[in-house]
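Colleague: Thanks for making time today! Could you walk me through this fold, one question at a time?

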Amino acid sequence: GTGVSTVAVNLAVALAQIWQVEVPLVDLALESGQDALMLDIKTRYTLAELSQQDPQTIEEELLDGYLVRHESGVRVLAAPPSPEQAGLVTPTFVSTLLPMLKPRFEYVVIDTASTFNEVTLAALDASDFIVVVLTPELAALRAATATLDVFTSLGYPQEKQVPVLNWTFPRGGLPQKNVEAALGIPLRAVIPYERELFVEAINRGVPPVLSHPTAAASRVLIRLAYELSKEEMREQEPESPSPMWLQAQGR
């Protein structure tokens, strides 16, 4: 309910559009994944079917058949269609799958469940950054601080942890300084409240960074995607900068 999938989908689209590359979006919210819905994508095969393949036989051509293309450049690897099939996707499979994707693509975005199950931990271990999405209210703040404590116990460095505050209601939330004091690390981004924008996006299956790239929330998400991009890519201007790259630069 904090907007994790919304942030994951929009970051994947923004990365694809900024750098004009294909970006896999792996939906590991296995029991309730909505990433394909948010992109208005119909999927024939999902992680449930792919996980039943012998890892030794998963070659590039086979994997391509599961990575459904979206016009933005995102390649969706969808969650199982029903909660009953979630158990087919094992931690061992995830630990095998992600190293297959990383050498092929500049960026991979993973949407995880909001629990520390073994599948989620396998994804977190393989990640360069972990975006922790919270809302400015006490229950979410407590959950986020507990999550960061777990990250510390797992030995994840602080620079790997990316807390993002998402305003899902218009007023009355905790002040940003109080949130940062409780977390012990500064927020990397604050997404402003824009209820109509995100409701429309989900109903239409068009992420805000595509439909309304100049909206305040979209600008924050685009900038966050740029800041999480590879340093070597940020250090030089592309030969033909994309409109979203220019926007990320404030041009």
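Modeller: Happy to! Let me start with a term: two strands pair if DSSP finds at least two bridges between them. Please keep in mind that this is a predicted model.

Colleague: Good, then in which sense do strand β1 and β4 pair?

Modeller: Strand β1 covers residues 23-28, and four bridges link this strand to β4. One of the residues involved is Leu28, whose bridge partner in β4 is Thr112. The sense of the β1 and β4 pairing is parallel.

Colleague: Which strands stand at the edges of that open sheet?

Modeller: The sheet is open and has four strands, with mixed pairing and the order β2-β3-β1-β4. A strand at the edge has a single partner, so one of its sides is left without a neighbour in the sheet. That applies to β2 (68-69) and β4 (109-112).

Colleague: Is strand β5 largely enclosed or largely open?

Modeller: Buried means under 20% relative accessible area. In β5 (residues 130-134), four of the five residues are buried, so the strand is largely enclosed by the rest of the structure.

Colleague: What is the handedness of the crossover from β5 to β6?

Modeller: Strand β6 (residues 161-166) pairs with β5 in the parallel sense over five bridges, and Leu134 has Leu165 as its bridge partner in β6. Between the two strands the chain passes through helix α7 (residues 138-153). This β-α-β crossover is right-handed.

Colleague: Last one: does Tyr193 count as buried, partly exposed or exposed?

Modeller: Tyr193 sits in the loop between β7 (189-191) and α9 (195-204). Leaving out residues up to four places away in sequence, Tyr193 touches Trp167, Thr168, Phe169 and Pro170. Buried needs a value under 20% and exposed one over 50%. The relative accessibility of Tyr193 is 30%, so this residue counts as partly exposed.

Key
Residues numbered from 1 in each chain as written. Predicted model: local features only at pLDDT ≥ 70, side-chain atom pairs only at ≥ 80, totals over all residues. Heavy atoms only, no water. Buried < 20%, exposed > 50% of the residue type's maximum accessible area, 1.4 Å probe, protein only. Contact = heavy atoms within 4.5 Å. Right-handed = clockwise from strand over helix to strand, strands pointing away.
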